[in-house]
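User: I have a structure to go through with you. Can we take it by question and answer?

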Amino acid sequence: MSADSIAVRRSAHPAEVLLGAQAGAVALPVCDHYSGVEARMRKSLALQAEMAAEFGACVFDVTLDCEDGAPVGGEADHARLVVELARNAAEGMRVGARVHPVDHPAFEADVDTIAGQAGDRLAYLMVPKVERPADVVRAVAALDATGATSLPLHVLIESPLAVHHAFDIAAHPRVQSLSFGLMDFVSAHAGAIPAEGMGAQGQFSHPLVVRAKLAIASAAHAFGKVPSHCVVTEFNDAQAMKSAARRAAREFGYTRMWSIHPNQIRPILEAFAPDQDQIQIATQIIASAQEADWAPISFDGTLHDRASYRHFWQVLMRAHATGRTLPDQAAGWFATDDAST
């Protein structure tokens with residue numbers, strides 16, 4: 001092998017070298033912020049732009065909500081409002097929309113209006129109460145009919161039947177993320193799960209809820225999709241929010257989480273972000289691997305190879321996505337579009 005070819009390989013971007021085994025894997029901002037009332041939607045979009053300027057990246061998504069946000073009888077007007085807001089969002093911001101379930105009378109009209117008129121400005125479309133793969137097929141057909149043939153779907157898993165089908169749902173190529181709908185999931189058990197199972201603490205201890213969380217996370221990771229953790233309704237309890245977000249990220253395998261109040265956004269970013277020690281170690285390992293032409297290395301007496309390189313590159317991806325301060329060398333890897341996932 002010539003010296004020139006070795007130099008080229010050593011200069012290859014980490015994403016190019018390390019993500020080949022996970023080429024279909026998706027990386028999204030770790031926070032998905034929901035709002036459905038007009039004033040709150042406008043404030044959410046303004047906050048998104050402000051925090052993007054602060055962190056140097058769009059660190060959370062805004063999902064404009066039609067399911068819970070639209071007044072009964074006012075679904076069409078609300079959908080048109082979502083179009084207006086999405087089209088007027090600041091450049092580079094990630095905005096999604098949640099429509100009504102596929103069996104709701106407003107579903108087709110929601111998709112036709114929102115995807116048909118703002119599909120080019122949306123990052124994804126969220127479909128709630130997906131029960132089985134056929135629901136995904138129906139949603140994709142509705143999207144395709146508007147011309148939004150490449151718009152990703154995010155789906156909500158909210159019932160025992162949906163959990164049963166989670167792997168088949170995650171396998172669909174248009175599905176980008178699976179979210180756990182905690183409150184509907186608990187309600188679907190006809191009182192068999194106590195109300196505490198919807199709380200910030202109880203949702204991590206009741207066996208049926210825990211089983212559902214793990215199944216959804218596993219299904220998402222099996223197909224390179226993003227598992228998105230459910231809401232914490234105690235939005236004025238900062239400690240409960242921090243604890244739930246930390247457990248979701250570190251114990252349950254979730255890489256994204258819902259926010260339903262602006263006060264929850266920063267705790268989610270903090271919980272899902274690597275700490276500075278992790279960032280520093282990851283940078284050193286990836287730099288050493290790049291210098292070694294991606295062959296195995298010894299770092300502080302521990303063997304590392306492509307498998308661990310991928311892990312540490314993903315640490316840096318998450319650090320970048322959460323607006324963490326990166327060492328100069330790591331920052332350089334994210335300075336071009338080559339750092340995309």
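User: How much area is buried between domain 1 and domain 2?

Analyst: This is a predicted model, where local features need pLDDT of at least 70, side-chain atom pairs count only at pLDDT 80 or more, and totals for chains, interfaces and linings use all residues. Residues are numbered from 1 along each chain as its sequence is written, and side-chain values use heavy atoms, without hydrogens and water. An automatic or database assignment sets domain 1 at 31-272 and domain 2 at 275-333. Buried area is the accessible area (1.4 Å probe) that two parts lose on being put together, summed over both; here that is about 550 Å².

User: Which residues of domain 1 lose the most area to domain 2?

Analyst: Contact means heavy atoms within 4.5 Å. By that rule, 7 residues of domain 1 touch 6 residues of domain 2. Three residues together give 56% of what the domain 1 side buries: Phe-55, Leu-269 and Phe-272.

User: How many salt bridges does the rule find across the interface of domain 1 and domain 2?

Analyst: A salt bridge needs a side-chain nitrogen of Lys or Arg within 4 Å of a carboxyl oxygen of Asp or Glu. Glu-270 and Arg-324 meet in one, at 3.1 Å, N to O. Across the interface, the count is 1.
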